Amino acid sequence: MLTGLARWGCNPLAETGRSKLQNQRAVLNQQILKAVRMRAGAENLLRATTNNKVREQVLLELSFVNSDLQILKEELEGLNISVEVYQNTEETFSIPLVPLGLKETKEVDFTLPLKDFILEHYSEDSSEYEDEIADLMDLRQACRTPSRDDAGIEMLISYFLQLGYVENRFFPPTRHMGVLFTWYDSFTGVPVCQQNLLLEKASILFNIGALYTQIGTRCNRQTQAGLENAVDAFQRAAGVLSYLKETFTHTPSYDMSPAMLNVLVKMMLAQAQECVFEQIGLPGIRNEFFTLAKMTQEVAKVGEVYMLVNTAMNQEPVKENIPYSWSKLAQIKSDHYKALAHYFIATILCDHELQSGDDEDEQEKALSQLYDYMPEGLMVLTVLKDKVQRKQLGKAHLRKAIVYHEEALRVCGLCKKLRNIDVLQEVLTAAHKRSLLKYAQQETEDDFLSLIQAPDILPKTEHKIETIAPQFSKVKVKDFFHRLGPLTVFSAKQRWTAPRTIRIHHKAGELGFSLKGGSPVQIYCLDPACSAASMGLKEGDYIISVGGMDCKWLEVNEVLGKFSSVGEQPIEIEVISCQDTAASMHSKSATYSVGMQKTYSLICLAMDEDKIDQTKKAPLKLPFLSWGTKNRQKAASTLCLPSAVAGSSRTKKKLSPFTLLNTESSLY
């Protein structure tokens with residue numbers, strides 16, 4: 001269990017760079033919410049009116065609102081590329097790494113829904129569980145501002161595991177609990193609301209992965225220990241995001257869609273691979289044949305994985321929502337590290353002529369492993385022995401390195417956000433100048449006669465980067481609502497009769513029944529003629545208290561000990577009978593095949609939470625298809641928001657994603 005300051009998270013009012021960034025993100029989310037509401041009203045008015053003048057005014061207003069939404073989205077993208085805030089405070093000369101921002105959420109009040117459920121379902125005094133409910137709400141509030149360290153990770157995992165207990169105890173599959181969860185998309189700022197606890201669990205998992213990325217970017221990349229920690233953090237981030245993708249397959253938020261998560265996993269593994277290369281080169285790269293050959297393939301591997309990341313980022317539907325600057329940064333890193341690979345192999349060819357004491361076979365083998373093919377007319381052994389061919393091939397690699405360097409600088413200059421990152425410009429410029437200097441040092445009189453094109457370099461690494469699956473079992477948590485009884489019996493899926501009081505008269509140690517099972521114990525082999533049976537005791541009843549003492553967690557021997565302690569005096573016990581749990585599903589519950597309720601996002605935000613008439617009878621429920629289904633109507637939106645098509649109604653009209661549904665199963 002987390003105690004002390006770790007349970008409270010970071011101070012949200014602290015004037016740190018990260019807290020300012022998260023506060024700006026929260027403000028932008030509210031502005032996006034306001035704009036979405038305005039657009040919802042305008043779209044509904046446009047569908048309802050037949051007046052041409054009104055339609056013209058509404059269309060004009062929609063164009064303004066959509067422009068505002070696009071500007072807000074660009075501002076949010078600017079926050080996502082504010083990588084300097086998350087980097088280590090030590091002065092470094094390394095290309096910045098990209099962290100994920102935490103998803104923002106609104107406060108949730110569990111008090112009334114849980115207290116009502118405890119009274120109704122568990123037949124207990126709900127006022128006795130106010131402290132437990134308060135602890136749950138405090139933990140959730142603390143998870144909104146976790147610290148960027150292992151304690152923050154542990155707190156988020158603790159809440160995620162606690163949600164598993166809460167789900168089993170308070171969220172039956174047959175109805176909604178009336179607890180509304182609101183989370184904002186990390187990339188678009190678009191809010192998603194559901195009465196589904198799975199949205200809460202998925203969002204917490206996303207934040208666990210995001211926090212790992214922030215820890216990774218904060219590590220000191222000038223030390224071996226710092227780079228090892230960074231590699232570990234990015235691998236764990238990839239593991240959590242991969243687990244999220246595989247476990248929650250119908251998440252309603254774009255930042256948690258399978259396609260987006262797949263890209264994020266690739267990006268985290270690429271950053272881990274980049275840190276591995278930095279780790280190898282941290283002691284310094286010796287200008288030695290075999291060392292340079294090894295570094296050539298290692299850095300080529302980094303360039304390859306970033307190329308794959310850039311390709312994935314430019315595929316639909318990810319391209320529309322991934323920050324543009326992230327895609328460009330992946331392209332820049334791919335070009336930069338490919339250029340370094342060509343620079344290293346050029347250094348091998350230009351600086352290391354084959355000497356009489358060198359191992360000719362080993363050098364031939366090492367050089368041949370760098371290429372998939374050799375330029376026409378060249379052989380590896382011939383290149384090693386012929387000074388002219390070595391120079392020509394080395395200069396060809398330098399030319400290709402310079403081309404890659406110039407492309408990286410060009411792309412960086414075209415992106416406004418990246419252009420303002422000084423350390424990125426410095427690293428790219430220094431590498432470019434180094435290649436130019438190396439090229440200038442070579443003889444140039446035969447440049448016009450040389451037609452050799454540098455072949456591509458085969459990427460290879462001795463340090464395979466893989467995802468590290470989340471290890472939830474290492475975090476020990478205690479069920480806040482432990483007093484309700486063992487979860488295997490006392491869960492939201494089970495239903496029982498109200499507790500019955502039975503007065504037991506036993507003589508000579510004879511109770512008239514036996515006990516079996518673990519906690520809680522059950523009545524077994526009941527004698528129909530005994531006094532307890534005549535008072536209503538039934539076979540299979542669970543004993544929940546003996547003599548006024550709770551015994552839900554007691555074993556058979558402990559319960560028998562309580563009977564023995566009173567001798568032959570009468571004693572009262574409380575029992576419950578399990579009812580049939582195969583109740584039919586709620587008629588208004590829409591679920592996926594994996595058990596996750598369908599998405600009701602955005603529409604609910606146009607309704608006032610505090611002014612809903614709960615007593616008003618709802619009309620017939622319309623089926624509402626969420627994002628991810630095949631049958632959908634694309635909304636006119638700059639943010640590519642989830643869309644839906646309403647089911648059949650008396651008017652046979654299609655509803656937009658912002659049509660207000662006043663039904664019992666809608667989220668507000």
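**A chat about a predicted model**

Biologist: Good to know. How many helices and strands does the chain have?

Modeller: The secondary structure comes to 17 helices and eight strands. The chain has 668 residues, and 53% of them count as buried.

Biologist: Let's pick a helix. What length should H15 have, and what does the model show?

Modeller: Helix H15 covers residues 422–440, which is 19 residues. At 1.5 Å a residue it should span 27 Å, and its end C-alpha atoms are 27 Å apart, so the two agree.

Biologist: Which residues of H15 are buried?

Modeller: They are Val-423, Leu-424, Val-427, Leu-428, Ala-431, His-432, Ser-435, Lys-438 and Tyr-439. Seen down the axis of H15, these buried residues fall within an arc of 170°, so they line one face of the helix.

Biologist: And what is exposed on the other side of H15?

Modeller: Asp-422, Lys-433, Leu-437 and Ala-440 are exposed there.

Biologist: What covers the buried residues of H15?

Modeller: The cover includes helix H10 (324–351), helix H13 (387–414) and helix H14 (416–419).

Biologist: Which residues is Lys-438 in contact with, leaving aside its neighbours within four places in sequence?

Modeller: Lys-438 is in contact with Tyr-343, Thr-347, Asp-351 and Leu-398.

Biologist: Changing topic: how many cavities of 30 Å³ or more are there?

Modeller: The structure holds six of them. About 80 Å³ of space lies in the largest cavity.

Biologist: Which residues lie nearest the centre of the largest cavity?

Modeller: Twelve residues line the largest cavity, and Lys-103, Thr-105, Cys-143, Arg-144 and Asn-207 lie nearest its centre.

Biologist: How does that lining divide into nonpolar, polar and charged residues?

Modeller: Five residues of the lining are nonpolar, three are polar and four are charged.

Biologist: Now the backbone. Where is there a cis peptide bond?

Modeller: One joins Glu-316 and Pro-317, with omega about 0°. Pro-317 lies in the loop between helix H9 (289–313) and H10. A cis peptide bond also joins Ser-519 and Pro-520, where omega is about -5°. Pro-520 has its place in the loop between strand S4 (514–516) and strand S5 (522–524).

Biologist: Which residue other than glycine has a positive phi?

Modeller: Ser-123 has phi near 55°. Ser-123 sits in the loop between helix H3 (111–121) and helix H4 (130–142), and it is partly exposed, with a relative accessible area of 35%. Phi of Cys-525 is near 55° too, again a positive value in a residue other than glycine.

Biologist: And where does Cys-525 lie?

Modeller: Cys-525 is in the loop between S5 and helix H16 (531–534). At 45% relative accessibility, Cys-525 counts as partly exposed.

Biologist: Last one, Asp-68. Where is it found?

Modeller: Asp-68 is in helix H2, residues 52–80, and counts as partly exposed at 44% relative accessibility. The C-alpha atoms of Asp-68 and Ile-32 are separated by 8.6 Å, while the two residues are 36 residues apart along the chain.

Conventions:
Residues are numbered from 1 along each chain as its sequence is written. This is a predicted model: local features need pLDDT of at least 70, side-chain atom pairs count only at pLDDT 80 or more; totals for chains, interfaces and linings use all residues. Side-chain values use heavy atoms; hydrogens and water are left out. On a 1 Å grid over the protein atoms alone, a cavity is a set of points where a 1.4 Å probe fits but cannot get out, and a pocket is an open set with protein on both sides within 12 Å along at least five of seven lines; lining residues have an atom within 4 Å of a point. Grid points are joined across faces, edges and corners, and a volume is the space filled by probe spheres set on the points. Ala, Val, Leu, Ile, Met, Phe, Trp, Tyr, Cys and Pro count as nonpolar, Asp, Glu, Lys and Arg as charged, and the others, Gly among them, as polar. Helices (H or I, at least four residues) and strands (E, at least two) are DSSP runs, numbered from the N terminus. The expected span of a helix is 1.5 Å times one less than its number of residues. Buried means under 20% relative accessible area, exposed over 50%, partly exposed in between (1.4 Å probe, protein chains only). The arc is that of the directions from the helix axis to the C-beta atoms. Contact means heavy atoms within 4.5 Å.
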